[in-house]
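Here is a briefing for someone meeting this structure for the first time.

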Amino acid sequence: MTREKIRSGIIGAGFIGGVHAYAVRAAGGRLTRIADATLESGRKAAGRLGAEEASASPEELIASDDVDIVHICTPNVTHAALAQQAIAHGKAVICEKPLATTVPDAERLTELAREAGVLTAVPFVYRFHPHVRETRARIAAGDAGRLWMLHGSYLQDWLSRSDDTNWRVDPAVGGVSRAFGDIGVHWCDLMEFVTGQRIVRLSARTAQAFDNRSGTEDGAVVMFETDGGASGSLVVSQVSPGRKNRLWFSFDGTDASFSFDQESPEWLWVGRREESCILPRNPLTEHPGAGRLSRLPAGHPQGYQDAFSAFVADVHEAFRGGTPDGLPTFDDGLRAARITEAVVASSAESTWKELIP
């Protein structure tokens with residue numbers, strides 16, 4: 001691929017579609033098409049998000065000759081069918097998680113993409129915070145010693161009133177797991193990516209805060225063991241008043257612990273027996289793998305959109321034939337689907353579930 005601008009088409013013009021649109025422009029790409037629920041809403045979105053044209057349907061967008069990468073930003077139940085169509089047209093695909101609402105569908109998409117040789121990606125974008133990469137590099141260098149305790153939480157409050165709702169609450173549209181399938185998978189992906197350890201066994205309990213909101217869970221508590229011999233725990237909630245988007249982890253080793261909070265991404269806490277410190281994001285002192293994601297000097301805050309834009313920039317690099325480190329693909333989407341399935345089954349059966357690393 002030459003240095004000509006990569007052309008993207010976005011299906012779905014809600015909040016996350018807007019995040020994708022900004023990221024495409026930040027990566028130097030062209031947003032050639034957008035498709036929404038209707039042609040009229042698509043035209044309005046095109047003006048709002050800077051797309052060159054609105055397509056009458058997702059199918060029209062996928063088949064268009066002026067789209068290189070298809071971004072799927074629609075309700076969960078539609079992901080598998082749209083991704084399959086994009087693969088069949090030989091298009092690169094960025095599919096919002098969950099990749100599919102069932103493990104068999106996720107397996108099928110992953111295999112189809114592999115057979116077709118198309119580029120795939122799933123936006124596990126928290127990987128792209130510089131301090132996440134800094135933690136990963138320090139752990140890989142042995143700074144933590146033996147990792148033995150991996151714990152954290154992902155807390156939100158957008159469903160903290162009994163009458164709060166949207167399409168994600170309906171299992172027929174959002175899938176059988178809401179809180180864990182929506183945000184818990186982000187934490188698990190981050191833990192496995194940063195530590196290099198994989199969950200092999202877990203026990204989960206899901207819960208609902210409100211009796212009138214049946215169907216999918218408001219929160220989950222998960223205990224797990226890894227292939228590296230560590231134990232861990234995760235608390236997930238979309239009904240924690242005051243917590244807007246708090247993804248937090250502490251990865252504890254015998255020599256040091258590392259703690260990161262996505263709501264305060266400029267700071268990394270490093271704890272040792274002798275002393276603890278809070279490190280500011282600083283491209284002049286970070287590991288090169290983290291420094292490349294620090295687009296601004298220290299003291300100039302970066303956040304979620306910057307992480308998302310870095311993810312899309314890496315997709316574009318891969319589309320041109322590069323091999324960016326840490327790009328999440330359909331394989332990672334499949335991994336998330338398998339962990340979600342195990343969490344749902346463990347809670348229903350009150351038993352531990354095994355996972356293949």
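Helices α1 and α10 cross in the right-handed sense. A crossing is right-handed if the near helix is turned clockwise from the far one by less than a right angle, and left-handed if anticlockwise. This is a predicted model, where local features need pLDDT of at least 70 and side-chain atom pairs count only at pLDDT 80 or more, while totals for chains, interfaces and linings use all residues. Residues are numbered from 1 along each chain as its sequence is written, and side-chain values use heavy atoms, with hydrogens and water left out.

**Helix α1 against helix α10**

- Helix α1 spans residues 15-26 and helix α10 spans residues 304-319. Helices (H or I, at least four residues) and strands (E, at least two) are DSSP runs, numbered from the N terminus.
- The two pack at an angle of about 60 degrees, and their axes lie 8 Å apart. Axes are lines fitted to C-alpha atoms, for helices over the stretch in contact, and angles run from 0 to 180 degrees between N-to-C directions.
- α1 and α10 are therefore oblique to each other. Angles under 35 degrees count as roughly parallel, over 145 as roughly antiparallel, 65 to 115 as roughly perpendicular and the rest as oblique.
- Residues of α1 that meet α10 include Phe15, Ile16 and Val19. On the α10 side, Tyr304, Phe308 and Val312 are among them. Contact means heavy atoms within 4.5 Å.
- By class, the contact of α1 with α10 holds ten nonpolar, four polar and no charged residues. Ala, Val, Leu, Ile, Met, Phe, Trp, Tyr, Cys and Pro count as nonpolar, Asp, Glu, Lys and Arg as charged, and the others, Gly among them, as polar.

**Helix α5 and its partners**

- Helix α4 (residues 79-88) and helix α5 (residues 103-116) have axes that come within 10 Å and cross at roughly 10 degrees. That makes α4 roughly parallel to α5.
- The contact of α4 with α5 has seven nonpolar, one polar and two charged residues.
- α5 also packs with α11, at an angle of about 165 degrees and with axes 9 Å apart. α5 and α11 are therefore roughly antiparallel to each other.
- The crossing of α5 and α11 is left-handed.
- The contact of α5 with α11 has seven nonpolar, one polar and five charged residues.

**The sheet**

- Nine strands form an open sheet with mixed pairing, in the order β14-β13-β12-β11-β7-β10-β9-β8-β15. Two strands pair if DSSP finds at least two bridges between them.
- The edge strands, β14 (276-280) and β15 (353-354), each pair on one side only.
- Strand β7 (residues 147-155) runs parallel to strand β10 (residues 231-237), and seven bridges join them. Tyr154 has Val236 in β10 as its bridge partner. His151 stands opposite Ser233 in β10.
- β7 pairs with strand β11 (residues 246-253) in the antiparallel sense, over eight bridges. Gly152 has Phe249 in β11 as its bridge partner.
- Helix α11 (residues 330-349) lies across β8 (199-207), β9 (219-226) and β15, at about 55 degrees to β8.

**Annotated domains**

- UniProt places "domain: Gfo/Idh/MocA-like oxidoreductase N-terminal" (unreviewed entry) at residues 6-122. UniProt positions are given in the numbering used here, feature names are shortened, and annotations may be inferred rather than shown by experiment.
- Over residues 6-122 the chain is 45% helix and 20% strand, with the end C-alpha atoms 18 Å apart.
- The UniProt annotation "domain: GFO/IDH/MocA-like oxidoreductase" (unreviewed entry) covers residues 132-258.
- Over residues 132-258 the chain is 24% helix and 34% strand, with the end C-alpha atoms 10 Å apart.
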